[in-house]
Amino acid sequence: LLEEAEIERMHLLVCLRMFEASPVTRALCISAQLAMTPFLMAVYLVNPKAGHRFVGYLEQTACSTYHNVITHIETPGTKLHKEWAHLDAPDIAKGYWKLPADAKWVDALKCMYADETHHRDVNHTFASMESDDPNPFVLMHKEDAARAWKMEESERLMKENRGSTSAKA
């Protein structure tokens, strides 16, 4: 759940950066968080399965919304295509999802969509489990961590090689 909260925070930061939200919009986001946090905490304390199921349905709604927005951005002739298809992804999104320098806003939205589909699946899985069932996502996280470490290590070695070859030239 902490990972999910961190990712949702990044989605919020990316969107706030992308659209330079007004103080009113920012206040509404904070108010919604202040209202939902105690509510969800109470639901999780009383009935964790119901809490996960509820969040799973919220995530499904987010998935539907992202799918609709992405479809409109990629469909020539729509207002969203005209307004958003050419927009660059904000730097915070490029850094977080390791997007290329020329990434567009729709690329960042696709990353957010992928995150939301994962959150939906995780929450519905947890809602269907018994409290003493093993976490089915632990192995996936270990594999992802190992893959990320290998990628970071390769990038570091490539940079070192480039530096040593250019120093010799």
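**Entry 1: a lysine on the inside**

I started with lysine 94, which is buried but has no salt bridge. The nearest side chain of opposite charge belongs to aspartate 91, 4.0 Å away. This is a predicted model, so I noted the ground rules: local features need pLDDT of at least 70, side-chain atom pairs count only at pLDDT 80 or more, and totals for chains, interfaces and linings use all residues. Residues are numbered from 1 along each chain as its sequence is written, and side-chain values use heavy atoms, with hydrogens and water left out.

I wrote the terms down for myself. Buried means under 20% relative accessible area, exposed means over 50%, and partly exposed lies in between, with a 1.4 Å probe and protein chains only. A salt bridge is a side-chain nitrogen of Lys or Arg within 4 Å of a carboxyl oxygen of Asp or Glu. For charges, Lys and Arg count as positive and Asp and Glu as negative, while His and the chain ends are not counted.

Lysine 94 sits in helix α5. Helices here are DSSP runs of H or I with at least four residues, strands are runs of E with at least two, and numbering goes from the N terminus. What does lysine 94 touch, not counting residues up to four places away in sequence? I found Ala89, Leu99, Pro100, Ala101 and Ala103. Contact means heavy atoms within 4.5 Å.

**Entry 2: alanine 103**

I followed that list to alanine 103, in the loop between α5 and α6. Alanine 103 is buried, at 1% relative accessibility. Leaving aside neighbours within four places in sequence, alanine 103 is in contact with Asp88, Ala89 and Lys94. I also checked alanine 103 against arginine 120: they are 17 residues apart in sequence and 26 Å apart in space, C-alpha to C-alpha.

**Entry 3: the whole chain**

Next I stepped back to the fold. The C-alpha atoms fill a box of roughly 65 × 45 × 30 Å along the principal axes.

How many of the 169 residues count as buried? I got 26%. The accessible surface is about 11,400 Å², with 63% belonging to carbon and sulfur atoms; areas come from the Shrake-Rupley method with a 1.4 Å probe, and for residues only the protein chains shown count as cover. Among contacts between residues at least 6 apart in sequence, 58% join residues at least 24 apart.

**Entry 4: salt bridges**

I found 8 salt bridges in the structure. Lysine 49 pairs with glutamate 130, the closest N and O atoms being 3.2 Å apart. This pair links distant parts of the chain, with lysine 49 in helix α3 (residues 48-73) and glutamate 130 in the loop between α6 and α7 (138-168), 81 residues apart. Both partners are partly exposed: lysine 49 at 31% and glutamate 130 at 47%.

Lysine 110 bridges to glutamate 74 with closest N and O atoms 2.6 Å apart. Lysine 110 is in helix α6 and glutamate 74 in the loop between α3 and α4 (79-84), so this pair ties together parts 36 residues apart in sequence. I have lysine 110 as partly exposed at 37% and glutamate 74 as partly exposed at 42%.

Lysine 98 and glutamate 152 form a salt bridge too, at 2.4 Å between the closest N and O atoms. Here a residue in the loop between α5 and α6 is linked with one in helix α7, 54 residues away. Lysine 98 is exposed at 52%, whereas glutamate 152 is partly exposed at 39%.

I also noted a network of salt bridges linking Glu153, Arg156 and Glu160.

**Entry 5: positive phi**

Last, I looked at backbone angles. Lysine 98 came up again, with phi near 55 degrees, a positive value in a residue other than glycine. Glutamate 20 also has a positive phi, about 40 degrees, although it is not a glycine. Where is glutamate 20 found? I located glutamate 20 in the loop between α1 (2-19) and α2 (23-46), and it is exposed, with a relative accessible area of 69%.
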